[in-house]
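Here is a short tour for anyone meeting this structure for the first time. Take a look, and then we'll go through some of its parts.

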Amino acid sequence: MSRLSVVRNPHHATRKPDGHAPRFIATPAVFEQIQREVAYAAETGSHLRVAGRGHTRAPLCRCDDGLLQLSRFTGIEDVDAVHGIAWVRSGTRLSQLARELASYGLALPTLGWSGNESVGGAVSIGSYGLGTGDSRYPCPVVGLRMIGADGSAFSIGANDPRLPLARVSLGTLGVLTHVGLRCIAASHLQSRVTGRSLNAVINRVNALRAHDYVEWYWTAHSDDVRLRTIDRRPRHAPGRHRHALKSGSARLRSAVHRAIDVMPQFGGRLPWRLIPERARIPESVDAAYGWQLFSESNLGTIGYALPIDALGDTLHALRGVLRAIDPKQRVVLRVRYACADDAALSPAYGNETAFVRILSGPKVRDHAEAAGDIFERHGARPLWIMPHEHHLRDLETMYPLWNEFAQLRAELDPRGLFLNDYLAGIFGVEEAS
C-alpha cells in the first residue's frame with residue numbers, strides 16, 4: 001500500500017518529557033490519504049491517534065505508535081447560508097475559520113476559541129467555545145463525518161440519536177474529518193475590562209451572564225479581580241474597521257497572528273512575553289478576527305469545569321488552602337462561564353458551568369492535590385485538555401452517560417485502534433500497546 005502521505009519529522013518524533021513519542025507521523029492532505037492511513041493501521045495492528053494543536057500533556061494525547069496531523073486538511077467545504085450551517089475540514093485553524101465564515105457574513109455562536117486551535121481537536125475534547133449570551137446554541141456542532149476503524153467513512157447528523165454521545169469523542173470513535181457547525185450572523189465584538197472584588201463578582205454571577213462572554217482573573221492571595229466582558233454589536237459596513245491597525249501595537253499583533261496562521265507548528269514557540277498585553281488582546285474587533293480577543297498564553301497547570309452555582313463556595317475554600325500552602329506565592333485563577341451542554345463527555349454536561357484554570361508556580365503539585373480535592377467535593381470535572389489522574393471509576397461517577405458512550409465506542413472500534421494506554425484503561429479495554 002502506498003503511504004506517500006507519511007512524513008517522518010525527526011524533531012516532532014523525538015521523545016517528549018513524559019517518555020512518549022510517536023513511531024511515525026502522517027500528514028495527509030486529502031480525504032483518501034486519511035483513509036489509507038487508517039486502513040494501513042488496521043492491517044498492521046497499529047494504533048492511531050490524531051493530533052489537534054499538540055500543546056497539551058494530557059494523558060489522552062499520548063502517542064507511542066501512529067500519529068495523524070491534519071494541518072494540511074483544512075478549509076470550509078460547504079456553506080448553507082440560509083440555515084447557517086457550515087461544513088469544515090477538521091484540520092482548519094480557528095483563525096482561518098473565522099475569516100472564511102466572515103466572508104459569508106457568518107460567525108460561530110460561541111466565543112473563547114483561540115486562533116491556533118484546530119476545529120477537530122477543539123470539538124473532540126469539548127473545547128468548542130464558551131459564552132453565556134445566546135443559550136440557544138450552547139454547542140455549535142450539528143454533525144460529524146468520520147473515518148471508522150475499517151477505513152470506511154460514516155456520518156452522524158443532527159437528527160442522529162448518537163450525536164450527543166459522539167460530539168465529544170476524545171478521538172476514540174474514528175478519525176474526525178469534517179464538522180458541521182451552526183453559525184449566526186457576523187457581528188462586531190466589544191471587550192470591556194474593569195476591576196472588581198471577589199465577593200462583588202461572585203454576587204453578580206447571574207447578572208454577568210447577560211453578557212455574551214465573561215472571564216476574570218483572580219489572585220488567590222488578594223481580593224482583587226480583573227473582570228472582562230465581551231458583547232456583540234452591529235457589524236460595521238463591509239471594509240470599514242474590520243481590523244484596526246492604527247497603532248504600532250495593533251500592527252504588531254496583526255503580523256504575529258498572520259505568522260501563526262502561516263506557520264502553526266511554530267505558533268506555540270513565539271516569544272509572547274516580549275509582546276505587550278495591549279498588543280495581544282484588542283478592545284474591539286470584527287468577528288473575522290474575534291479569536292484575537294482570547295489569550296493563548298495562560299494554559300494553566302490545573303483545570304476544572306465547575307457547576308456555576310458552586311463557584312463561590314469553591315473559591316472561598318480554595319483561597320484558604322492556597323494561602324496555607326504558601327502565603328507568599330502568587331497563584332492566579334482564570335474563570336470563564338459557559339452554558340450547559342448536552343454532549344455526554346463535555347465537561348459542561350448538564351450544568352451552567354464555570355471553567356477554572358489555576359496558573360501556579362513552583363509548588364504546583366501541592367496546589368494540584370489540594371485544589372483537586374476541593375473541586376471534586378463541589379461536583380467539578382477535570383478539563384480533558386489538562387493533565388489529571390482520574391480513571392474509570394471516577395469518570396463513571398462524573399459523567400452520567402459514560403457507559404453509553406463506552407458502548408458506542410466499542411461498537412465502532414472493537415479492537416481499540418484509536419486508543420492509547422490511558423484511554424484503554426478508562427474504557428476497560430485490554431491495554432493498547
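## Before we start

This is a predicted model, in which local features need pLDDT of at least 70 and side-chain atom pairs count only at pLDDT 80 or more, while totals for chains, interfaces and linings use all residues. Residues are numbered from 1 along each chain as its sequence is written, and side-chain values use heavy atoms, with hydrogens and water left out.

## Salt bridges

A salt bridge here is a side-chain nitrogen of Lys or Arg within 4 Å of a carboxyl oxygen of Asp or Glu. Searching the whole structure turns up twelve of them. One of these joins the side chains of R23 and D65, at 2.9 Å from N to O. That pair ties together distant parts of the chain, 42 residues apart: R23 sits in the loop between α1 (10–13) and β1 (24–26), and D65 in the loop between β2 (48–51) and β3 (66–69). Helices (H or I, at least four residues) and strands (E, at least two) are DSSP runs, numbered from the N terminus. D65 is buried, with a relative accessible area of 15%; buried means under 20%, exposed over 50%, and partly exposed in between (1.4 Å probe, protein chains only).

D212 and R232 make another salt bridge, with their closest N and O atoms 3.2 Å apart. This pair, too, links distant parts of the chain, 20 residues apart, with D212 in the loop between α7 (205–208) and β12 (213–219) and R232 in strand β13 (residues 224–233). D212 is buried at 13% relative accessibility, and R232 is buried at 18%. Then there's D160 with R162, where the closest N and O atoms are 3.0 Å apart. D160 counts as buried at 19%, while R162 is partly exposed at 28%.

Why is strand β9 (residues 175–182) largely enclosed by the rest of the structure? Seven of its eight residues are buried, so the rest of the structure largely encloses it. Two strands pair if DSSP finds at least two bridges between them. β9 pairs with strand β7 (residues 141–147) in the antiparallel sense over six bridges, and V141 has L181 of β9 as its bridge partner. Five bridges join β9 to strand β5 (residues 85–89), again antiparallel. Along that pairing, V88 is the bridge partner of V179, and I85 stands opposite R182.

β5 is largely enclosed as well, because four of its five residues are buried. Strand β4 (residues 76–80) runs antiparallel to β5, with four bridges between them, and I76 stands opposite V88. β4 and β5 form a hairpin with four residues between them, and G84 in the turn has a positive phi of about 70°.

## Space inside

The structure holds five cavities of 30 Å³ or more. A cavity is a set of points on a 1 Å grid over the protein atoms alone where a 1.4 Å probe fits but cannot get out, and lining residues have an atom within 4 Å of a point. Grid points are joined across faces, edges and corners, and a volume is the space filled by probe spheres set on the points.

The second largest cavity has about 220 Å³ of space. It is lined by 17 residues, and the closest to its centre are A98, L108, T110, L111 and A287. Helix α3 (residues 94–103) supplies the largest share of this lining, four residues. By type, the lining has twelve nonpolar residues, four polar and one charged. Ala, Val, Leu, Ile, Met, Phe, Trp, Tyr, Cys and Pro count as nonpolar, Asp, Glu, Lys and Arg as charged, and the others, Gly among them, as polar.

Conventions:
On a 1 Å grid over the protein atoms alone, a cavity is a set of points where a 1.4 Å probe fits but cannot get out, and a pocket is an open set with protein on both sides within 12 Å along at least five of seven lines; lining residues have an atom within 4 Å of a point.
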